[in-house]
Amino acid sequence: MTLLEISDVVVEYRGANKKKVAAVNGVSLSVEPGQIVGLVGESGCGKSSLARVASGLIKPSAGTVKLKGHTVSPLGWRRRDDAQLGLQMVFQNPYSSLNPRRRIGDQLMDGVPASMPSRRRRDHALEQLERVGMHPEAATRFPHQFSGGQLQRIAIARALVTDPSVIIADEPVTALDASGQVQVVNTLLNLVKELNVGMLFISHDLALVHHIADVTAVMYLGKIVETAKTEALWQRPGHPYTSALMDAIPRVQQNAKLPKPLKGEIPDPANVPKGCPFRSRCPHAFEKCVEAPPLMPHGQGKAACWLIQGAGIPVRAG
Amino acid sequence: MQPILQMKNVGISLPALNTRFDVLSDVSLEVYPGEVVGVAGESGSGKSMTGKALLNLLPAGAQVRGEINFNGVDLRKLDERGWRELRGGKIAMVSQDPTASLHPMLTVGEQLTDHLRTHLGYKKTTARKRACELLEQVRIADPDRALKSFPHQFSGGMRQRISIAIALAAGPKLVVADEPTTALDVTVQAGILHLFRQLSKEMDLSVIFITHDLGVLSALAERTYIVYAGRIMETAPTDELTGHPRHPYAKALLQARPETVDSGAGRGVLRPIPGQPVTASTAPAGCPFATRCPDRIEACTPLVPPLVPVSEPASQRNQHLVACVVHAPAPSLGESLPGSGAPQDSSKATVDSKAKDRV
């Protein structure tokens with residue numbers, strides 16, 4: 001059975017003129033145990049809205065999220081179903097997601113399952129700290145005594161104390177600098193292997209997702225435009241948007257050329273162009289694009305672009 | 001060619017309760033007309049302070065040591081009146097977050113023309129005309145409409161273009177860009193990088209591009225300085241630096257990038273830099289990187305390694321300097337060249353460490 005199943009999720013917000021704006025428009029994704037699913041896209045594409053739905057923080061306007069077959073309902077005042085406790089989140093900014101006035105240990109202890117016998121509770125929390133490579137002594141300290149990378153690892157430990165089966169990480173390394181990013185990425189990679197948890201890793205950095213994810217999904221204007229095994233996606237992107245994202249990554253190399261910008265701006269989600277949403281910025285747009293392409297098989301993955309059907313039209317120059 | 005900006009052994013200290021602490025220990029850098037120079041380092045390395053010192057935007061009570069020469073003017077002797085003319089006039093700044101640097105309640109036109117009227121004494125109508133040209137120069141479509149709009153009506157990338165237009169308004173010789181693309185998406189970042197390249201060519205503008213992303217500098221900057229704990233660790237033309245880094249810190253920074261590791265087949269392992277970064281005030285005596293360095297030897301402490309040339313430079317401008325006792329060539333070469341800096345005498349190092357004890 002699929003661990004986390006997101007099917008046809010729609011998230012709508014009320015716009016300025018009371019018009020409904022769909023931030024997420026019919027997204028389906030699944031996460032298996034021991035798998036990292038990377039979700040990439042520009043800001044405003046709806047990836048954070050999707051994360052909030054997936055973790056049960058907000059209610060989708062349509063569609064369902066299922067964890068091990070149980071429907072995930074948004075948090076309310078009532079106690080959450082035991083079946084849903086396996087869903088944990090790691091947020092972008094550890095400086096604000098950890099309470100500055102409480103000791104790390106106390107914050108970790110909050111999450112220890114109530115069913116655990118009291119003499120095991122403290123040890124259980126300390127074990128998670130060690131698991132993310134932190135000294136157990138950290139439990140007696142306050143958040144300001146750590147660097148960003150360490151704090152984010154503590155935030156991961158806090159997610160782990162509940163024995164989660166799925167971790168949703170929304171831009172977990174964006175607020176950190178190079179060495180902090182590496183610490184956190186390595187920690188996450190080890191955890192997934194060791195504990196066999198599933199992870200939805202959300203980022204705008206395709207290079208990072210390439211490094212960490214088994215499966216990559218590319219999102220544009222509330223829709224998934226391409227999804228495939230990471231290696232396959234990297235070698236043979238099916239959607240022009242995927243290639244554009246790849247071309248824009250700045251690389252360290254000799255006689256490097258400036259990364260290629262993508263023309264135009266992401267359209268206003270309240271005013272999505274008819275047909276293919278990427279049409280207005282696509283270098284390969286042609287007549288057929290006035291019709292919205294569905295996700296179609298492309299190699300082992302899927303892409304929502306008419307070009308892959310015609311085959312022979314070069315999607316990626318060079 | 002003469003450099004337009006020359007910083008020599010610049011240090012900055014800030015006041016604390018009963019003492020002072022360093023945010024910059026010893027930075028020397030040069031910028032030539034029309035070139036883009038990269039300054040890279042982790043957070044806390046002092047890279048932003050370097051930029052702020054050039055505009056006298058340091059926090060209250062900051063003290064600056066060393067020499068800063070801009071276009072023949074000694075910036076350290078400037079009074080507030082002089083700074084007002086220089087800041088925004090000859091040296092401009094583009095900051096990381098355009099949402100914070102633009103005034104939310106004034107239209108783009110008001111903010112742009114304000115600048116033109118103050119610095120260049122333009123009349124209202126000419127200022128407006130010039131503002132239009134500036135917006136065109138930073139590739140904003142429909143500049144007339146943009147002038148009447150407020151910052152919140154633009155996307156992040158457009159806002160950054162607007163703040164670049166404001167920076168360019170008075171025709172500066174030097175722009176200090178402090179992480180101008182960090183808050184933007186990669187696709188938008190690429191556009192801004194192109195813009196900087198074009199502007200520097202078209203207007204013969206010098207740019208100091210401060211960032212933590214060496215990938216950004218790889219294609220944009222002609223030369224790069226690597227800063228750590230308020231000191232220059234290594235500097236060279238960017239291609240040479242990324243291709244043949246000498247300093248263990250420069251190597252470590254390059255290895256921490258996902259895309260360098262993934263260039264081969266399969267998924268590589270990202271190598272974190274061990275230990276915690278130190279700042280100028282917490283750095284140990286000697287090489288500040290010694291505590292995290294895999295190649296550390298005894299000679300790394302207690303003297304700070306001087307910046308020495310790696311090879312006989314083709315020109316003063318393009319020399320490759322490294323501050324490392326392990327990876328620098330034989331000392332004879334270092335001593336034979338003037339301006340490379342002799343090892344700092346130990347008396348100063350001990351004074352520094354005493355100052356640290358008080359903190």
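Just after helix H6 (residues 178-195) of chain A, A:Asn196 adopts a positive phi of about 60°. The model is predicted: local features require pLDDT of at least 70, side-chain atom pairs count only at pLDDT 80 or more, and totals for chains, interfaces and linings use all residues. Residues are numbered from 1 along each chain as its sequence is written, and chains are lettered from A and ligands numbered from 1 in the order of writing.

Helices (H or I, at least four residues) and strands (E, at least two) are DSSP runs numbered from the N terminus. The 18 residues of H6(A) should span 26 Å at 1.5 Å a residue, and the end C-alpha atoms are 26 Å apart, which agrees; the expected span is 1.5 Å times one less than the number of residues. Among the buried residues of H6(A) are A:Val182, A:Leu188 and A:Leu191, where buried denotes 20 or more other C-beta atoms within 10 Å of the residue's own, with C-beta atoms placed from the backbone. The cover of these buried residues includes H5, H7, S3, S7 and S8 of chain A together with H11 of chain B.

In chain A, four strands form an open antiparallel sheet in the order S2-S1-S4-S5, pairing being defined by at least two DSSP bridges between two strands. Strands S2 (20-31) and S5 (70-71) of chain A are the edges. Five bridges join S1(A) to S4(A), and A:Thr64 is the bridge partner of A:Ser7.

The contact between the chains takes 38 residues from chain B and 33 residues from chain A, with contact meaning backbone-placed C-beta atoms within 7 Å. H8(B) gives the most to the side of chain B that touches chain A, with seven residues.

Key
Two residues are in contact if their C-beta atoms, placed from the backbone, lie within 7 Å. A residue is buried if 20 or more other C-beta atoms lie within 10 Å of its own, exposed if 12 or fewer, and partly exposed in between; C-beta atoms are placed from the backbone.
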